[in-house]
Amino acid sequence: MRETIDRASRNGVGASGLKVSFEFFPPKTEAMEQTLWTSIERLAPLAPDFVSVTYGAGGSTRERTHATVSRILAETALKPAAHLTCVGASKAEIDAVVDGYAETGVRHIVGLRGDPVEGIGAVYRPHPEGYAQASDLVTAIRSRHPEIEVSVSAYAERHPESRDWQTEIDNLKRKVDAGATRAITQFFFDNDLYSAFLDRVAAAGIAIPIVPGIVPVINFTQTAKFAEKAGASIPPWFAARFEGLDDDASTRQLVAAAVCAEQVLDLVDRGVNEFHFYTMNRADLVYAICHLLGMRPAKAETEARSVGENVA
């Protein structure tokens with residue numbers, strides 16, 4: 001790993017060579033809100049390309065998502081990307097949300113079909129007066145507000161509902177043709193699967209960035225359960241890293257940072273220069289991994305340059 005870090009530094013990889021973005025979810029309670037904003041304040045100095053805020057199934061967090069995005073715009077220099085789904089809302093309702101974001105100053109939306117209201121694994125049924133798929137949503141956003149950038153989802157291991165790879169790639173291509181400018185993958189732990197996915201995407205003539213979604217494993221048991229529902233595999237070697245640590249939180253956190261850093265640094269070796277971190281509203285692990293990537297807070301970099309100039 002050290003060799004990879006040194007190589008990254010020599011190649012200028014770090015604050016000036018990599019792009020990172022962070023995903024947060026809107027808080028439900030006052031305590032959760034405090035945790036969220038502590039995390040935002042911790043990660044903001046790393047100057048992420050953008051920060052995204054998720055949107056609950058069926059629009060269940062619509063107001064809280066909007067409130068969080070609005071506060072990010074008002075109180076920070078960060079560029080927020082608001083998640084938006086097709087589930088449980090008519091076209092008119094979704095259009096009103098998009099218009100509201102545009103008026104607020106949001107210039108980036110993550111457009112998703114969304115999971116069924118009943119949860120992952122249930123049968124998806126479009127709203128009778130709504131947008132049926134993410135590609136329809138992307139078309140609507142871009143036609144109403146062409147100044148708004150739209151990111152979409154991608155799946156290195158196929159969406160659970162895709163019967164084959166052709167279905168998966170065709171769906172992504174429809175979203176790109178509708179105006180999507182970036183795809184962010186569901187999290188994965190086997191980098192070979194991501195590389196194989198990039199080959200399929202390139203063969204289909206899709207040229208937008210396919211940004212790897214990275215999740216630091218704060219709780220392995222919970223992550224494993226969610227991965228099973230989301231169709232993300234967990235390699236045996238990965239599970240073995242966390243074996244016996246269920247009741248040892250401090251060691252588990254150290255292992256989680258090391259494993260995630262190993263994955264990200266391997267992707268850097270493969271030529272990847274942009275990462276999207278699913279923070280779970282927790283900053284420490286993500287911050288540590290970004291540090292290993294060579295990223296430093298903007299203020300610290302400025303002070304370091306100043307010291308160097310004075311010494312010279």
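**Ground rules.** I am working on a predicted model, where local features need pLDDT of at least 70 and side-chain atom pairs count only at pLDDT 80 or more, while totals for chains, interfaces and linings use all residues. Residues are numbered from 1 along each chain as its sequence is written, and side-chain values use heavy atoms, with hydrogens and water left out.

**Cavities.** I had to check the word: on a 1 Å grid over the protein atoms alone, a cavity is a set of points where a 1.4 Å probe fits but cannot get out, and lining residues have an atom within 4 Å of a point. Points are joined across faces, edges and corners, and the volume is the space filled by probe spheres set on them. Searching the whole structure, I found 2 cavities of 30 Å³ or more.

Around the largest cavity I noted Y155, A156, E157, R158, Q186, F187, F188, A230, G231 and A232. I sorted that lining into 6 nonpolar, 2 polar and 2 charged residues. For the classes, Ala, Val, Leu, Ile, Met, Phe, Trp, Tyr, Cys and Pro are nonpolar, Asp, Glu, Lys and Arg are charged, and the others, Gly among them, are polar.

The second largest cavity has a volume of about 40 Å³. Its lining includes F189, V215, F238, F242 and C260, and by class I get 9 nonpolar, 1 polar and no charged residues. Helix α10 (residues 249-269) gives the most to this lining, with 4 residues. Helices here are DSSP runs (H or I, at least four residues), numbered from the N terminus.

**A pocket.** Unlike a cavity, a pocket is an open set, with protein on both sides within 12 Å along at least five of seven lines. I picked the second largest pocket, with a volume of about 210 Å³. Both α2 (30-43) and α11 (284-292) supply at least two residues of its lining, and the largest share, 4 residues, comes from α2. By class I wrote down 3 nonpolar, 5 polar and 3 charged.

**Helix pairs.** Two packed helices are described by the angle between their axes and the distance between the axes. The axes are lines fitted to C-alpha atoms over the stretch in contact, and angles run from 0 to 180 degrees between N-to-C directions.

I began with α3 (residues 62-75) and α4, which pack at about 15 degrees with axes 11 Å apart. That pair is therefore roughly parallel; the cut-offs are under 35 degrees for roughly parallel, over 145 for roughly antiparallel, 65 to 115 for roughly perpendicular, and oblique for the rest. The contact (heavy atoms within 4.5 Å) includes H66 and V69 of α3 and Y101 of α4.

Next came α4 (residues 91-104) and α5 (residues 134-144), whose axes come within 11 Å and cross at roughly 45 degrees. That makes α4 oblique to α5. I94, D95, V98 and D99 of α4 touch L137, A140, I141 and R144 of α5, and I count those as 5 nonpolar, no polar and 3 charged.

Last, the axes of α6 (residues 165-178) and α7 (residues 191-203) come within 10 Å and cross at roughly 65 degrees. I saw W165, I169 and L172 in α6 meeting F197, R200 and V201 in α7.
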